[in-house]
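Hi everyone, thanks for making time.

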Amino acid sequence: MTNEPNQISAMDLVTGYWREVGVEMQVKTEDRTLFYDRKAANLHDASVWTGDGGLFDADLDPRWYFPYSGESNYAPLWSTWYTSGGAEGEKPPAAAIEQMKLYDQFRATVDKAEARGLFNQILQIAIEQFWVIGLVSVDGTYGTVRRNFRNVPRKIPAAWLYPTPGPTRPEQYFVAD
């Protein structure tokens, strides 16, 4: 599933590259509602989605590193198992269960060094298991600010959990004469 033209173009390239190494794939765009219905029913093989991978909020939304919620676009039955406490979904393999236990410990600790160590273990398992393939990192976007508009940061992160520009306190921006 993709809704951005640049993703469709990128996947056309990936289709050709993968064909060269024996992997056949077809790119199919679909309505977001239909995608979510199919994902919840575990009816898709793979998906394409924009991600925040590597940004500052990975610990708040680790969807790209293990199936922890319905927003993890792979292994939806594993995330259902996790979020339901094992009452629903499908029990994941040991590696994913270990990540889930580590994340629960991560969320329970207040010690920054311990938290960093726990999350690094989650990331190490993600590297070993290769749940998600990250293809492209965004080089950066831009915004336009008038010359007399002040107190606007030179750089502003953009991620789903960082409601740009909200955390930069736009109420503190001002116009200079």
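Let's begin with burial: a residue is called buried under 20% relative accessible area, exposed over 50%, and partly exposed in between, using a 1.4 Å probe and protein chains only. Keep in mind that this is a predicted model, where local features need pLDDT of at least 70, side-chain atom pairs count only at pLDDT 80 or more, and totals for chains, interfaces and linings use all residues. Residues are numbered from 1 along each chain as its sequence is written, and side-chain values use heavy atoms, with hydrogens and water left out.

Okay, aromatic rings. Rings of Phe, Tyr and Trp (for Trp, the six-membered ring) count as a pair if their centres lie within 6.5 Å; planes under 30 degrees apart are stacked, over 60 edge-to-face, and the rest tilted. Searching the whole structure turns up 13 aromatic pairs. Take F35 and Y36: their ring centres are 5.8 Å apart and the planes sit at 85°, so this pair is edge-to-face. How much of each one is accessible? F35 has a relative accessible area of 2%, so it is buried, while Y36 has 24% and is partly exposed.

Now look at F106 and F119. Their pair is tilted, with 5.3 Å from centre to centre and 50° between the planes. Where do they sit? F106 is in helix α4 (residues 94–108) and F119 is in helix α5 (residues 112–129), so the pair ties together parts 13 residues apart in sequence.

Next, charges. Side chains of opposite charge can pair when their charged atoms come close. For a salt bridge, we ask for a side-chain nitrogen of Lys or Arg within 4 Å of a carboxyl oxygen of Asp or Glu. How many salt bridges does the structure hold? There are 7. In one of them, R63 meets D61 with 2.7 Å from N to O. R63 is buried, with a relative accessible area of 8%, and D61 is buried at 8% as well. R169 and E171 make another, their closest N and O atoms being 3.3 Å apart. Here R169 is partly exposed at 49%, and E171 counts as exposed at 54%. There's also a network: salt bridges that share partners join K28, E30 and R38. Within it, E30 and K28 meet at 3.7 Å, N to O.

Last stop, Y173. You'll find Y173 in the loop between β1 (149–150) and β2 (174–175). Is Y173 buried or exposed? It's buried, with a relative accessible area of 16%. Leaving aside neighbours within four places in sequence, its contacts (heavy atoms within 4.5 Å) include F149, I156, P165 and T168. As for K91, 82 residues away along the chain, its C-alpha atom is separated from that of Y173 by 50 Å.

That's my tour, so over to you for questions.

Methods: Helices (H or I, at least four residues) and strands (E, at least two) are DSSP runs, numbered from the N terminus.
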